[in-house]
Amino acid sequence: MSSKTTIAAPIKEQQRQWFRVDADGKILGKLATRIADTLRGKGKTIFALHTDLGDHVVVLNAEKVKVSGRKEEGKQYYSHSQYPGHLKITPLKKMRAEKPWKILEEAVTGMLPKNKLRNRWMKRCHVYRGSEHPHKAAKFQDMLL
């Protein structure tokens, strides 16, 4: 009789890497998928669904991300305060003018699994409007897309 065991690497021993991405001219969906996979740690050989092995991702020039098709006119973002009649609908054009980093954050959040690790993963996703960021001390690797 064999025993089935799951071997998981201790999380405290894992070194989190820092990746830098320039979103200028990149397509939103493809970029968000790649960022979500890096935040989860899916590219690592010791990946397991129940562990948090992901890395940090710093996204620069988030306002210059492209959307494919006719999404620029038709895509909308919904938020609801749970009070009757308080549904707020924001078109992509207005979101791009007011909070351009929010477009990429919403896309990445939607690509992550809906579980208890999602907020922890999103804390390691740093999205910035321009090319400046406060993470000067980190040793970056450029993410291949």
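View 1. Eight salt bridges are found when the whole structure is searched, a salt bridge being a side-chain nitrogen of Lys or Arg within 4 Å of a carboxyl oxygen of Asp or Glu. The model is a predicted one, in which local features need pLDDT of at least 70, side-chain atom pairs count only at pLDDT 80 or more, and totals for chains, interfaces and linings use all residues. Residues are numbered from 1 along each chain as its sequence is written, and side-chain values use heavy atoms, with hydrogens and water left out. One of the salt bridges pairs R16 with D52, with 3.5 Å between the closest N and O atoms. The pair links distant parts of the chain, 36 residues apart: R16 is in the segment before β1 (18-22), and D52 is in the loop between α1 (28-40) and β2 (56-60). Helices (H or I, at least four residues) and strands (E, at least two) are DSSP runs, numbered from the N terminus. D52 counts as buried because its relative accessibility is 3%, whereas R16, at 31%, counts as partly exposed. Buried means under 20% relative accessible area, exposed over 50%, and partly exposed in between (1.4 Å probe, protein chains only).

View 2. The side chains of K102 and E106 form a salt bridge with an N to O distance of 3.8 Å. Both residues belong to helix α4 (residues 100-111), where they are four residues apart, about one turn of the helix. K102 counts as partly exposed at 29% relative accessibility, and E106 counts as partly exposed at 38%. A further salt bridge joins the side chains of E132 and K136, at 3.5 Å from N to O. E132 and K136 are both exposed. Salt bridges with shared partners connect R16, D52, R120 and R124 in one network.

View 3. H56 is a residue of strand β2 and, with a relative accessibility of 16%, counts as buried. Leaving aside residues up to four places away in sequence, H56 touches R16, Q17, W18, F19, R124 and H126, where contact means heavy atoms within 4.5 Å. H56 and M122 are 66 residues apart along the chain, and their C-alpha atoms are separated by 9.3 Å.

**View 4. G110 in helix α4.** G110 is placed in helix α4 and counts as partly exposed, its relative accessibility being 41%.

View 5. Accessible areas come from the Shrake-Rupley method with a 1.4 Å probe, and for residues only the protein chains shown count as cover. L87 lies in strand β4 (residues 87-91) and counts as partly exposed at 48% relative accessibility.

View 6. N61 is not a glycine, yet has a positive phi of about 55°. N61 sits in the loop between β2 and α2 (71-74) and counts as buried at 10% relative accessibility. Q82, likewise not a glycine, has a positive phi of about 70°. The loop between β3 (76-80) and β4 holds Q82, which is exposed, with a relative accessible area of 68%.

**View 7. The whole chain, for orientation.** The protein chain contains five helices and six strands, in the order β-α-β-α-β-β-α-α-α-β-β from the N terminus. Along the principal axes, its C-alpha atoms fill a box of roughly 60 × 40 × 30 Å. Of the 145 residues in the protein chain, 35% are buried. Among contacts between residues at least 6 apart in sequence, 70% join residues at least 24 apart. The chain exposes about 9,900 Å², of which carbon and sulfur atoms supply 52%.
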